[in-house]
Amino acid sequence: MSKQLFLGDEAIAQGAIDGGLSGVYAYPGTPSTEIMEYVQGSKQAAELGIHRQWSANEKTAMEAALGMSYAGKRSLVCFKHVGMNVAADSFVNAAVTGVNGGVVVVSADDPSMHSSQNEQDSRFYAKFAMIPILEPSNQQEAYDMMYTAFELSERVNTPVMLRITTRMAHSRSGVERKPTKPQRGVSLPDDPRQFVLLPAIARRNYRKLLAMQDVMVDASEHSPFNTYTDGPKHNMGIIATGIAHNYLMENYPNGCPHPVLKISQYPIPRKQVEQIYAACDSVLILEEGAPVIEELIRGYMNNGKPVHGRLDGTLPRDGELNPNLVARALGIERPEGQPIPDVVKMRPPSLCQGCGHRDVYEALNIALEPYGTGRVFADIGCYTLGALPPFNAINSCVDMGASITMAKGASDAGLTPAVAVIGDSTFTHSGMTGLLDAVNEGSSITVIISDNSTTGMTGGQQSSATGRIIDICKGIGVDPEHIKVITPLKKNLDENVRTIAEELKHNGVSVIIPQRECIQTASRKAKAAAK
Amino acid sequence: MKNDIVLAGVGGQGILSIAAAIGHAAVSSNLNIKQAEVHGMSQRGGDVQSHLRISDRPIASDLVPAGGADMIISVEPMEALRYLPMLSPEGWVVTSTTPFVNIPDYPPVEDVLAELRRLKRCVAIDADAIAKEAGSARASNIVMLGAASTFIDIPFERIEDGIRALFGRKGNEVVEMNLKALRAGREHSEKMR
Ligand SMILES: Cc1ncc(C[n+]2csc(CCOP(=O)(O)OP(=O)(O)O)c2C)c(N)n1
Ligand code: SF4
């Protein structure tokens, strides 16, 4: 087969389809979103009857994937790194239940926080759960890893993490495909109690997981993705993981003069690590994200051979790597570009002209004037851009769902009125349970669910409860008298200010639902319909 | 052969279409390619960039090394300047002169063009005007691709094929219009070199 140009995300999606996938479960999040979108757009996936609907959040995705595994089939879970936090409960326990059909969890990290709240390194989670990690360095490897990852998962009887970063996910290159493997049929686990984590069973399972660690290390030591390449200069050995290996080789187009251990499968391959450590006077560690391997090799006492990397300042402690940072770490000089001229101004993203969130903030700012600023707890989505001028309208953005619960806590502390601003997709992702807390206590908060009928921030994916937000609020127990639906349009400004102002006065839970479709999603739909 | 290119513009201006057309041309010429894009925010209006690397040898890094780009292709003049740290001392800037003003503190256009004139190697063309002349104001990104094509070591016919592949689904008329824009951009750039 000839090569096709694939984004890293697309290579993973195609690798999964060709690897015998039966279902993908995901919640959108940059830079992981295109994996699900590729499977959704794939004719082949449609013909194969592969499940490919978005889940309400990352935890429900992880659990559904585990259910598919229980039933004997191969499943894929995809989310961005912070989604890992949401899925953590099921993720960690899935390592204890083990799998029946293979399970692969793609967690897409975002070092340098191009579009994220933090730059946490997902490898910590896999280490915590004691499962293998695959970390590709290019699109072909991403495809090849995904193609065989289900078998690895079935062999070691745990989920396998495929860890990627922004550059891997969103970089395109040629990929050669392999023949598609058949899906597995429905089959129950051999042991009917494997997935019942009662303490007695969990203890037995956990000991199995511990015993499996040696098998995982052995798999890493024999993995084609981990390679040891000798070099003449033994004053320093280099351990490079995933995409960091590319930046190393960029600086040595004719081959690296130092011994290099490329690690793309974890747990780290003990034999090869011992080999490079023994052969060299010092070790340089290049890894994208946190100094995970560096901490391991260096040890708390740091009393072995010199270990260089992010912890001793050879590389920056934060942010993503690039060829120039790695060159500096290697003592290689590169030509420098010119500085950015002073005329160049920042051009930050902003809410689209005509976006309904704009009208919501305009009205909210006016309605809040009598109370003063500092009481608006927002959430994650396009509407987070309300933090920027001209609105300067929000005071927090922490994690999905935190708007309602933080407003509740602030109100409990006496800061009233307290306002939450949350999007429709974020509300169904993890805002509903917080609203229940507030209803149960009659907290004095005003919740604005800015409903644009889509998951706008990540490109307009279907939002789980479009058309049902009002019913959900009623079902949770919000007094219908205090559920107000408004239309965020310029011409309605006065009326909307009045409605918000009224509810701010209410001593209890109010929900205001501004409803108007995202203009980007609407125009995409119109274009698709015209075709 | 090696072309390291930084593509620049504002979200919604179509730099990914430029990348896709070159990508197609590179693949059909049996060259290696890596293209790093920045996705994420769906809102329009922020600055966007993409790194495109083409070579007859294997390519290691997805990112062009700073100070190593052979060319900056920009569909907006101020955005061209934003990536000067990426440009190699011998590199070319190929940019449109039409400003995209969506921020309150956009500098006087004359100041931006003056900075461009100070560059040793710069092709600055009025892509919007050329695109309109060629039949569609929306094809200014393709005009810029045409202008840049004289610096890309891929036969021009392959790039034309890239346009056909990119717009084929939209019908013959759209393809022809974009080919016209492509050729017009190339002609203007040849005159300016
Ligand atoms: C746990 C977690 N999952 C996913 C994301 C990525 N993400 C950021 S905003 C967003 C969607 C927001 O949609 P919505 O609440 O409807 O607001 P909109 O962008 O449409 O205004 C997503 C999926 C995230 N930041 N955190
Ligand atoms: S993408 Fe949609 S929700 Fe986001 S800013 Fe634009 S119009 Fe608003």
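These legends walk you through several close-up views of a predicted model.

**View 1**
Start with ligand 2, which is surrounded by 10 residues. Look for A:C352, A:C355, A:C382, A:N452 and A:C518, the closest of them. What classes of residue make up the shell around ligand 2? There are 6 nonpolar and 4 polar residues, and no charged residues.

**View 2. Where chain B meets chain A.**
Here you can see the contact between the two chains, with 46 residues taken from chain B and 48 residues from chain A. About 3,900 Å² of area is buried between chain B and chain A. Carbon and sulfur atoms give 55% of that buried area.

**View 3. Polar contacts and the chain B side.**
How many residue pairs are in polar contact between chain B and chain A? The count is 17, with both residues of each pair at pLDDT 80 or more. On chain B, the elements that each supply at least two residues of the side touching chain A are α1 (15-28), β2 (32-37), β3 (47-55), α2 (77-82), β5 (87-96) and α3 (109-117). The largest share of this side, 5 residues, comes from β2(B). Sorted by class, the side of chain B that touches chain A has 21 nonpolar, 11 polar and 14 charged residues.

**View 4. Strands that pair across the two chains.**
Now follow β2(B) to its partner, strand β7 (residues 171-175) of chain A. The two strands run antiparallel and are joined by 3 bridges. To find one of these places, look for A:S173, whose bridge partner in β2(B) is B:K34.

**View 5. A salt bridge between chains.**
Side chains of opposite charge can pair when their charged atoms come close. In this view, the side chains of A:R172 and B:E37 meet in a salt bridge, at 3.1 Å from N to O. Between chain B and chain A, the count is 4 salt bridges.

**View 6. A salt bridge within chain A.**
Across the whole structure, a search over all chains finds 41 salt bridges. One forms between A:E288 and A:R310, with their closest N and O atoms 3.6 Å apart. Which parts of chain A does this pair tie together? A:E288 lies in the loop between β12 (283-286) and α12 (292-298), while A:R310 lies in the loop between β13 (307-308) and α13 (323-330), so the pair ties together parts that are 22 residues apart in sequence.

Notes: Residues are numbered from 1 along each chain as its sequence is written. Chains are lettered from A and ligands numbered from 1 in the order in which they are written. This is a predicted model: local features need pLDDT of at least 70, side-chain atom pairs count only at pLDDT 80 or more; totals for chains, interfaces and linings use all residues. Side-chain values use heavy atoms; hydrogens and water are left out. A residue is near a molecule or strand if one of its heavy atoms lies within 4 Å of it. Ala, Val, Leu, Ile, Met, Phe, Trp, Tyr, Cys and Pro count as nonpolar, Asp, Glu, Lys and Arg as charged, and the others, Gly among them, as polar. Contact means heavy atoms within 4.5 Å. Buried area is the accessible area (1.4 Å probe) that two parts lose on being put together, summed over both. A polar contact is a pair of N or O atoms within 3.5 Å; within protein, one must be able to donate a hydrogen and the other to accept it, and residues adjacent in sequence count only if both atoms are side-chain atoms. Helices (H or I, at least four residues) and strands (E, at least two) are DSSP runs, numbered from the N terminus. Two strands pair if DSSP finds at least two bridges between them.
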